[in-house]
Amino acid sequence: MSLIIEVQAPGLLTTVQDLGREGFGPRGVSPSGAADPVALRLGNRLVGNPDGAAALEMTLLGGTFVFPEGAIIALTGADFGATLDDAAIPQWTSVDARARQTLRTGATRSGARCYLCVAGKIEENPFLGSASTHLLSGLGGHQGRALRKGDLLKIGNVNPPFRERTPFRKRTIVANALQHLRPRKVLRVTTGPQHESFTDAAQNIFHAATYRVAEESNRMGLRLEGAPLPVDERGEMITEGVSLGAVQITPAGLPIILFVEQQTTGGYPKIANVISADFSSLGQLRPRDEIRFEPVDWESARVLLLEQETLLASDELIV
Amino acid sequence: MLISSVAGARFVRSSDQSLLVYFDQPDKNRPKHLPLQGKSLVEANENVRRLLQLLDSQPIAGVRNLHPAYCSVLVKFDALQWRHEEMEEKLREYLQRLHEVPLPEPRLLEIPVCYGEELGPDLQDVAATHGITSEQVIQLHTSTTYLVYFLGFVPGFAYLGELPEALVTPRHATPRRKVPAGSVGIAGNQTGVYPCETPGGWRLLGRTPLAMFRPEQDGLSLLAIGDRVRFKAISREQFAAQQFEARLNA
């Protein structure tokens with residue numbers, strides 16, 4: 001018999017996400033996937049899943065979930081003040097939810113997204129090899145949409161069945177690893193493919209400015225508010241492929257950071273690109289958060305990613 | 001050095017895990033800020049399709065995604081496995097062999113469109129802008145065989161060109177918050193069909209009853225890169241009937 005999760009309250013925007021579907025750019029389909037992939041990966045490690053197993057991504061305000069047959073769970077990412085049958089449970093730690101226990105999560109106390117990982121993963125039919133919800137096209141995940149009250153989610157088979165795995169051993173992510181991986185508000189960037197089309201004055205403003213994350217930000221892109229950059233008004237550039245984390249400047253002179261459910265091509269010039277090591281930080285930005293950009297060179301971007309991956313691969317990450 | 005030139009292409013770093021390959025060699029007759037168009041754009045796009053085809057038949061391990069466009073391909077790679085300069089060198093080998101890649105005989109597809117009224121809310125304005133009638137706009141839009149330069153933006157969106165000179169119109173300064181699926185629009189010298197409801201700034205001439213994004217099909221879309229496309233005007237009644245049929249099949 002497979003285990004299930006009953007969705008009693010979905011929260012503001014809760015979707016099934018894994019690490020996304022790469023390789024469909026030639027069809028205009030972006031990868032989607034977890035907005036904070038580091039939090040997803042660590043949550044899956046805590047419950048004994050492969051890194052890319054599907055889990056629930058909650059946004060700003062979490063949901064209420066019941067486990068009729070119980071489940072091993074872990075909450076990672078932002079702190080949504082989770083309780084299990086009204087007793088507070090820790091973040092970044094595996095928890096043994098007993099049959100009929102209720103997990104409640106509330107409004108965020110830190111970042112934007114909290115992940116609920118379950119041993120055995122959330123079982124959904126993959127679309128193009130991934131269980132990630134792609135909201136724009138209404139595909140993947142749970143019926144291609146955000147969760148609703150009353151949804152029943154299937155938990156995949158755990159081998160061996162977890163109830164026979166005795167005793168349950170609590171696992172937790174070590175504190176100084178979390179310290180290294182904590183989301184940043186100063187995003188490190190490399191130069192964008194059109195950075196030379198911006199004047200020195202524009203680039204100076206860009207690197208000195210504090211921007212505010214706008215309300216209309218979502219998984220497709222983060223819109224920023226702040227001092228507009230002077231832009232070159234000589235015609236539009238020809239549409240080209242755009243990368244995850246690209247910082248494009250609109251004709252109004254304001255940045256948009258392309259995010260996991262990004263358009264695959266675009267026609268705005270890109271002044272910079274957030275480095276891969278800081279993608280997870282993007283996933284934890286909330287509307288009205290204030291951020292800055294810090295330029296780094298190509299080698300630093302590579303070293304920072306390598307360091308992050310080395311930390312994630314370390315045996316001493318989990319106790 | 002971020003830019004280098006080899007085999008008629010240039011490379012620009014897009015992010016710490018991606019590289020743009022451009023086939024738009026500077027032309028002394030073309031001011032730097034004006035994009036390619038006409039014959040040179042079609043030729044550049046043929047190279048885009050050849051590179052895509054070559055990378056599809058002989059994939060490079062660690063290349064994770066490709067985003068083709070008019071005259072460029074964005075190559076996304078595993079940054080733990082490849083440095084930009086190594087990927088560039090690898091891609092150069094592919095570029096040397098581009099001329100050996102035969103492009104398939106293009107398919108010709110016809111897309112029925114019901115023009116005007118609430119299905120094409122910008123038809124009259126476009127006509128007025130160019131000092132012609134709505135009928136002339138429809139006549140011009142349906143008289144050209146377009147090339148599918150690439151699929152991009154959102155799943156199933158095909159960038160078609162080039163629009164007849166007399167229809168070239170800038171996009172709306174402020175995009176609409178919601179453009180219905182199937183809307184047929186124009187922007188600059190391009191035309192295309194919105195596959196799903198999205199925000200959009202293109203000027204809407206009409207709507208097709210056909211589903212553009214087809215997740216159940218192999219190619220995922222009605223149109224594929226390199227296809228040729230013609231639009232055909234249909235009546236309100238034909239639109240309703242075909243839309244009914246399309247929904248039955250969906």
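Modeller: With the term itself: two residues are in contact if their C-beta atoms, placed from the backbone, lie within 7 Å. As for the source, this is a predicted model, where local features need pLDDT of at least 70 and side-chain atom pairs count only at pLDDT 80 or more, while totals for chains, interfaces and linings use all residues. Residues are numbered from 1 along each chain as its sequence is written, and chains are lettered from A and ligands numbered from 1 in the order in which they are written.

Colleague: What does the domain assignment of chain B give?

Modeller: Domain bounds come from an automatic or database domain assignment. For chain B they are domain 1 (4-100) and domain 2 (108-249). Taken over C-alpha atoms, the centres of these two domains of chain B are 28 Å apart.

Colleague: How many residues of domain 1 of chain B are in contact with domain 2 of chain B?

Modeller: Nine, and they meet eight residues of domain 2 of chain B. Helices (H or I, at least four residues) and strands (E, at least two) are DSSP runs, numbered from the N terminus. On the domain 1 side in chain B, helix H1 (38-57) and E4 each supply at least two residues; H1(B) gives the most, four residues.

Colleague: And which elements of chain B touch chain A?

Modeller: In total, 43 residues of chain B are in contact with 37 residues of chain A. Strands E2 (9-15), E3 (18-22), E4 (63-68) and E5 (72-77) of chain B each supply at least two residues of the side that touches chain A. The largest share of that side, five residues, comes from E4(B).
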